[in-house]
Amino acid sequence: MVGGPGRPEGLETGAYVKPTIFADVDPDSAIAREEIFGPVLVVIPYTGDDHAVRIANNTIYGLNGAVFGEAEHAMAIARRLRTGR
């Protein structure tokens with residue numbers, strides 16, 4: 001984990017929290033499956049395309065998704081995702 005509790009340096013007043021990155025997150029954990037409100041990034045390792053698609057589709061929300069890579073391959077993966085956008 002990078003970030004965490006407390007205010008970012010130099011922001012002594014206001015409602016600020018440090019941006020936080022959680023790595024090697026279990027895809028079945030609450031932080032991976034539910035909406036997290038705040039500057040949070042969850043990193044989930046995967047072993048191949050099918051595994052990545054299963055992880056991405058393993059939520060009831062599916063609000064938004066993005067796939068980066070070689071255009072044809074990325075589009076093929078993106079078509080398999082259940083997202084609103």
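Which pattern does the protein chain follow, read along the sequence? The pattern is β-α-β-α-α. The chain has 3 helices and 2 strands; helices (H or I, at least four residues) and strands (E, at least two) are DSSP runs, numbered from the N terminus.

A word on the source. This is a predicted model, in which local features need pLDDT of at least 70 and side-chain atom pairs count only at pLDDT 80 or more, while totals for chains, interfaces and linings use all residues. Residues are numbered from 1 along each chain as its sequence is written, and side-chain values use heavy atoms, with hydrogens and water left out.

Next, overall shape. Along its principal axes, the C-alpha trace spans about 45 × 25 × 20 Å. Of the 85 residues, 13% are buried, meaning under 20% relative accessible area with a 1.4 Å probe, protein chains only. Contacts are heavy atoms within 4.5 Å. Among contacts with a separation of 6 or more, 20% join residues 24 or more positions apart.

Now the largest pocket. A pocket here is an open set of points on a 1 Å grid over the protein atoms alone, where a 1.4 Å probe fits, with protein on both sides within 12 Å along at least five of seven lines; lining residues have an atom within 4 Å of a point. The lining of the largest pocket has 34 residues, and Val-42, Ile-44, Ile-55, Ala-56 and Asn-64 lie nearest the centre. Helix H1 (30–33), strand E2 (40–42), helix H2 (49–56) and helix H3 (71–78) each supply at least two lining residues. H2 gives the largest share, 5 residues.

Terms used:
Buried means under 20% relative accessible area, exposed over 50%, partly exposed in between (1.4 Å probe, protein chains only).
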